[in-house]
Amino acid sequence: DDLGPGLFREPSAGALRYKPEKLQGTGKTCASIFKAFVGAGVLFLPNAYHNSGWAGGTILMCCSATVTMIGVCKLGDCHALAPGSYPELGRAAFGTWGYWVIALQIAFSQYCFGTTHMIFITSTLQAALTPYNLMPSMVVVYLALTAIYIPLSWVRRLHNMKITNALGSLIQIVCIVFVAFCAMQVLHEDALHTAVVAFDKHRWVSFLGTSVFAFEGIACVLPIREAMARPETFNGVVSGMIVVLAMMLIGFGVVCYLAWGPGVAAVALNAPEASFGVRLAQALYVVAVFCTYPIVMYPTFAICEGQVFHRVPFSLKRKWLKNLLRTCIVLSQLALAAVAASDVEMFVALIGAVCSVPLSFLFPAVMHMKMVKKGYCSSIFILVIGILVMPVTIWQAAAMWGT
């Protein structure tokens with residue numbers, strides 16, 4: 001489903017909210033939650049396990065899933081009182097500044113998620129082409145990405161991309177299953193990698209950010225709730241899906257880490273030995289990432305445009321000025337991707353700490369205390385967790401960058 005327009009509302013645009021043509025039943029809601037939470041970020045998870053060990057990472061993933069579940073349910077409670085987008089809940093709780101704090105946080109988060117997708121593409125191209133001496137210089141690669149991403153950034157009518165979005169989601173799921181199958185095949189033939197550890201007491205802190213990043217779909221849960229035929233069941237449905245997702249993510253990360261050990265590729269899709277199936281999966285996944293870019297970046301583009309152009313009258317000039325702004329955002333993403341690609345695991349940990357923790361832990365807790373005025377113990381619990389995780393993970397990731 002095209003969930004993009006439900007992510008925020010421009011102050012100058014009036015009621016810009018996702019309104020489904022037909023309300024969703026429980027099955028379709030589960031599918032929407034699955035699509036919202038499962039993306040390219042899953043493939044960064046096995047590499048992160050070598051920072052924590054298979055047991056340490058599993059414990060942290062369970063803790064992250066539990067706190068995320070509490071945060072999402074608190075968002076659902078707030079939404080029941082004041083239906084609207086995530087930033088609009090901030091406005092209902094704290095006024096205009098609450099709206100803009102959350103809106104800008106969503107814009108920055110999606111910007112960073114889009115950047116990790118670019119890193120994924122460059123890493124995959126290197127893994128696929130280097131063995132055949134076909135890999136061009138990185139300058140050529142980034143120029144090619146520029147030529148692809150700029151036109152994609154100009155896409156505005158997301159409802160016209162329902163088929164490509166659905167295709168991209170399907171390809172991502174198939175490729176994740178394919179990588180898991182390859183890992184299980186390695187375990188069957190060669191047993192556990194000899195260098196795997198259960199706990200890593202020196203590097204485990206950096207896994208905290210990655211464990212939160214793994215549940216990256218929280219910005220989409222409110223549009224999903226609005227689309228439900230029975231929104232009162234949202235908390236139960238989303239809690240069950242988070243449990244299922246946590247089991248899937250943990251299983252995927254652990255199996256890949258046990259199969260390929262600490263040397264597992266930064267992007268798990270590049271870990272299996274080269275074969276026609278692996279190269280096909282890599283090519284399809286790159287296509288899938290391109291297909292989902294417009295919807296991933298929609299909040300960033302729309303929020304920035306709403307702030308910059310809300311006083312500019314509608315015209316062809318306004319449209320091309322918007323295109324210029326989107327082009328500048330794409331170029332800045334490619335520049336950041338070129339820098340962050342040198343240590344993608346620490347970059348993902350930083351994104352988890354800076355972007356995902358506020359949206360998943362901090363904002364739901366403070367809004368729930370302000371609007372619902374009950375459940376203070378659980379709100380304070382996830383608030384304290386978020387306040388502790390953010391600075392510790394940022395410090396650890398910055399200290400380990402490049403090591």
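**Close-up views of a predicted model**

H3 and H10 are roughly antiparallel to each other (angles over 145 degrees count as such). This is a predicted model, where local features need pLDDT of at least 70, side-chain atom pairs count only at pLDDT 80 or more, and totals for chains, interfaces and linings use all residues. Residues are numbered from 1 along each chain as its sequence is written, and side-chain values use heavy atoms, with hydrogens and water left out.

**View 1. H3 crosses H10.** The two axes (lines fitted to C-alpha atoms over the stretch in contact, with angles from 0 to 180 degrees between N-to-C directions) come within 9 Å and cross at roughly 160°. Helices here are DSSP runs of H or I, at least four residues, numbered from the N terminus. Look for Trp54, Met61 and Val72 among the H3 residues that meet H10, whose side includes Phe234, Ile242 and Tyr257; contact means heavy atoms within 4.5 Å.

**View 2. Trp260 in the largest nonpolar core.** Such a core is a set of buried Ala, Val, Leu, Ile, Met, Phe, Trp, Tyr and Cys residues joined through side-chain atoms within 4.5 Å, buried being under 20% relative accessible area with a 1.4 Å probe, protein chains only. Of its 114 residues, Phe120, Tyr149 and Trp260 touch the most other members. Helix H10 (residues 234-260) gives the most, with 16 residues. Beyond its neighbours within four places in sequence, Trp260 is in contact with Val179, His193 and Pro272, among others.

**View 3. Helix H4 and what covers it.** Tyr86, Pro87, Glu88, Leu89, Gly90 and Ala93 are the buried residues of H4 (residues 86-94). Their cover includes helices H3, H5, H9 and H13. Just after H4, Gly95 takes a positive phi of about 85°.

Conventions
Buried means under 20% relative accessible area, exposed over 50%, partly exposed in between (1.4 Å probe, protein chains only). Helices (H or I, at least four residues) and strands (E, at least two) are DSSP runs, numbered from the N terminus. Angles under 35 degrees count as roughly parallel, over 145 as roughly antiparallel, 65 to 115 as roughly perpendicular and the rest as oblique.
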